[in-house]
Amino acid sequence: MTIKMPAKLSDIIDAIDFISGDSSQSSEAFIQIASGQVFIRSEYLDNIEDIKLPTNLSDKNLYLSLPSKHDLDLASKLPLTFTNQFAPDYFNEVHSMFKHRGAFGRFKDWADRHQLLSAWYLFEEKSTQAAIKDWCQENDIILAEEN
């Protein structure tokens, strides 16, 4: 199913970031097939009066559900890939972090202590963008040129 109008990559990334940051995993994001417009449905946005969501977001003929970062396999795998590339001697230490809750906080503290935090953020951004572009291509989503 091809999205008929180009969608903004930045809108898709923002929506995926939003739903991925919801620890309750109750937020959802959709792209409208006819227009390429992105919508977010979340209890965290219920109080914002300016947002008018379509009532038929669950209609798979009209909307495509956007994946979370977990769905794109960007959860614990990405920090391990980063560590393997930037600090391979610490791979086992970082790997053990992701066997317990709160791993991302510990990982970011670790990266900060090793002066790798800014490298991590750049790596994460580029990797996430590449995974989302791949997902868009797999789902026939045409991306609009952005400035």
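Me: Which elements do the buried residues of α2 pack against?

Reply: This is a predicted model. In it, the buried residues of α2 pack against α3 (91–97), α4 and α5. Those buried residues are Leu78, Pro79, Leu80, Phe82 and Thr83.

Me: How many helices and strands does the protein chain have, and in what order do the elements run?

Reply: The protein chain has five helices and three strands. Read from the N terminus, the order is α-β-β-β-α-α-α-α.

Me: What share of the residues in the protein chain is buried, and what box do the C-alpha atoms fill?

Reply: Of the 147 residues in the protein chain, 35% are buried. Along the principal axes, the C-alpha atoms fill a box of roughly 50 × 30 × 25 Å. For contacts with a separation of 6 or more, 63% are between residues 24 or more positions apart.

Me: How do I read the crossing of helix α4 and helix α5: at what angle do the axes cross?

Reply: Angles of 65 to 115 degrees count as roughly perpendicular and those over 145 as roughly antiparallel, with the values between these two ranges called oblique. The axes of α4 (residues 103–113) and α5 (residues 117–138) cross at roughly 125 degrees and come within 7 Å. The two helices are therefore oblique to each other.

Me: Which residues of α4 and α5 meet?

Reply: From α4 come Phe104, Phe107, Lys108, Ala111 and Asp112, and from α5 come Leu117, Trp120 and Tyr121. Sorted by class, this contact has six nonpolar and two charged residues, and no polar ones.

Me: What is phi at Asp73, and in which loop is its place?

Reply: Asp73 has a positive phi of about 65 degrees, although it is not a glycine. Its place is in the loop between β3 (63–65) and α2 (77–86). Asp73 has a relative accessible area of 44% and is partly exposed.

Me: How far apart are Pro6 and Phe18?

Reply: Pro6 and Phe18 are twelve residues apart in sequence and 21 Å apart in space, C-alpha to C-alpha. Pro6 lies in the segment before α1 (9–20). Leaving aside neighbours within four places in sequence, Pro6 is in contact with Ser35, Gly36, Ile142, Leu143 and Ala144. Pro6 counts as partly exposed, at 40% relative accessibility.

Me: How far is Glu124 from the nearest side chain of opposite charge?

Reply: A salt bridge needs a side-chain nitrogen of Lys or Arg within 4 Å of a carboxyl oxygen of Asp or Glu. For Glu124, the nearest side chain of opposite charge is Lys69, 4.1 Å away, and Glu124 has no salt bridge. Glu124 is found in helix α5 and is buried. Leaving aside neighbours within four places in sequence, Glu124 is in contact with Lys69 and Leu78.

Conventions
Residues numbered from 1 in each chain as written. Predicted model: local features only at pLDDT ≥ 70, side-chain atom pairs only at ≥ 80, totals over all residues. Heavy atoms only, no water. Axes fitted to C-alpha atoms, helices over the stretch in contact; angles between N-to-C directions. Helix = DSSP H or I, 4+ residues; strand = E, 2+ residues; numbered from the N terminus. Parallel < 35°, antiparallel > 145°, perpendicular 65-115°, else oblique. Contact = heavy atoms within 4.5 Å. Nonpolar A, V, L, I, M, F, W, Y, C, P; charged D, E, K, R; others polar. Buried < 20%, exposed > 50% of the residue type's maximum accessible area, 1.4 Å probe, protein only. Lys, Arg positive; Asp, Glu negative; His and termini not counted.
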